[in-house]
Amino acid sequence: ETTMTQTDTRNDLSAVVAADRAHVWHHLSQHKPFETTDPRVYVEGKGLTLWDATGREFLDAVSGGVWTVNVGYGRESIADAVRDQLVKLNYFAGAAGTVPGALFAERLIEKMPGLSRVYYSNSGSEANEKVYKMVRQISHRHHGGKKSKILYRERDYHGTTIGTLATSGQKQRAEQYGPFPEGFVEVPHCLEYRAQWDTAGYGRRAADAIEEVILREGPETVGCLVLEPVTAGGGVIVPPEGYWPRVQEICRTYDILLHIDEVVCGLGRTGTWFGYQNFGIEPDFVTMAKGVASGYAAIACTVTTEAVFDLFKDDAADPLGHFRDISTFGGCTSGPVAALENMRIIEDEGLLENTKAMGARCLANLRDLMDRHPVIGDVRGMGLFCGAELVVDRATKEPMDEARVQAVVAHCLSQGVIIGATNRSLPGYNNTLCLSPALTVTAAEIDRITGAIDAALTAVFG
Ligand code: PMP
């Protein structure tokens, strides 16, 4: 049984909660609830267990809310490594390197055959923006400015900045934030449960739809295709059999760079180091953030091939050839030093294997719930990245309304289990329960999580 290891002796926690309520603008939140209830403020964590300011204990099935804390809370070895590095050298940015920056890049590339260059920044959005800028510069330097369009997929998400919102396959996220930059074009999603084509070989058909967009736009105008390996917030979508080989073929045929957004899947979430490695594809760009240092420090990486890197050569006659970009906090050493220790933990504790085993258990438990709860229309996932889509009626597949999906989430919380659901403000997409516990999760914890969902479904739907 886990117990809180230390109380917060520095602060009066009720004053902390009041300060939060008075001054913090919470992410993804309406103001209204905080007029009548205190915000939850977390104080301490160990493994998958969290304690809030009132001393209540929770089991976290979503790795810090947004699938981030892959190695779990309370890792002293990461804290020690970061502390040692910070007192030695906390920071230097620009054209110079740092020891952890060099060593983590080397370790990372060992896990990513075919890729060879790591560009550091701070967030998933930023890592993706770097790719978009690289693609635009390649277009200007090597294609007369013509091959500048970036294709993104319906239901995928790539970030919160204006540039990455222009590639939001979740339209409502971008609403009210325009105007957006030009040259971003949507391709159809590949969720077979909500099939858009009546055909066998659905994966291949969904990939063919990308080719149709490329031909409509003109292949000479398309520079890049960005895809999540497994779509996260858009509904936990694992592309069907046959999809990826066809996507790779299309990109090669039309000389289009393939960018895989591993912000969620990167560093073990699907049971392999990277999500794309389940599908045998060879990307030109891979971006990652959340699990890279499990939230112990802010770090994001844009990784690419030597061939792409070589397109950015400059010399005296061409001083604008290099990638004219910097990320100030890309020079923090806390990120790569935490990432090195995070990777060591995943390796030494066999967390990829645990992810495969516990992910299979989680999916099996959810399928068992599906047998007993008709509101579950579909169960899907890969590794410790699982979803259960709730519907009003299995025959029509009408999505369950947000209020009742959130009632299930709230009921789990009342049982002390934190689960997630696909993004709230997205009508039509907000009906999938999401589970993404830390990769250290045990069988007992998996059963407790799915048991809480079982009780919540019974309470809300009978
Ligand atoms: N890509 C994907 C697939 C994501 O899920 C997210 C974050 N939810 C991002 C990019 C953006 O990352 P960040 O919030 O670190 O900017």
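Of the 462 residues of the protein, 47% count as buried, a figure that, like every other value reported here, derives from a predicted model. The protein contains 15 helices and 16 strands. Its radius of gyration is 22 Å, close to the 23 Å that the globule rule gives for 462 residues, and the protein is therefore as compact as a globular protein of that length. Taken along the principal axes, the box filled by the C-alpha atoms is roughly 65 × 60 × 40 Å. Among the contacts with a separation of 6 or more, 72% are accounted for by residues 24 or more positions apart.

The ligand is surrounded by 16 residues, of which Ser123, Gly124, Ser125, Gly159 and Val263 are the closest. By class, this shell consists of six nonpolar, eight polar and two charged residues. Helix α6, spanning residues 124-142, contributes three residues to the shell around the ligand, which is the largest share. The end C-alpha atoms of α6 lie 27 Å apart, in agreement with the 27 Å that its 19 residues should span at 1.5 Å a residue. The buried residues of α6 include Gly124 and Ser125, together with Glu126, Glu129 and Lys130; Val131, Tyr132, Met134 and Val135 are also among them. Just after α6, Gly144 adopts a positive phi of about 60 degrees.

Turning to the strands, an open sheet is formed by four of them in the order β1-β2-β3-β14, with mixed pairing. Strands β1 (42-46) and β14 (417-418) stand at the edges, and because each has a single partner strand, one side of each is left without a neighbour in the sheet. The pairing of β1 with strand β2 (residues 49-52) is antiparallel and extends over four bridges, with Gly45 standing opposite Leu50 in β2.

A further set of pairings involves strand β16 (residues 432-435), to which strand β12 (residues 386-393) is joined by four bridges in an antiparallel arrangement. Within this pairing, Glu389 has Thr432 of β16 as its bridge partner. Strand β15 (residues 420-421) also pairs with β16 in the antiparallel sense, over two bridges, and here the bridge partner of Gly420 is Cys434 in β16. In a regular strand the side chains alternate between the two faces of the sheet. In β16, Thr432 and Cys434 point one way whereas Leu433 and Leu435 point the other way, and all are buried.

How values were computed:
Residues numbered from 1 in each chain as written. Predicted model: local features only at pLDDT ≥ 70, side-chain atom pairs only at ≥ 80, totals over all residues. Rg over C-alpha atoms; globule rule 2.2 N^0.38 Å. Buried ≥ 20, exposed ≤ 12 C-beta atoms within 10 Å, placed from the backbone. Contact = placed C-beta atoms within 7 Å. Near = placed C-beta within 6 Å. Nonpolar A, V, L, I, M, F, W, Y, C, P; charged D, E, K, R; others polar. Expected span 1.5 Å × (residues − 1). Pairing = 2+ DSSP bridges.
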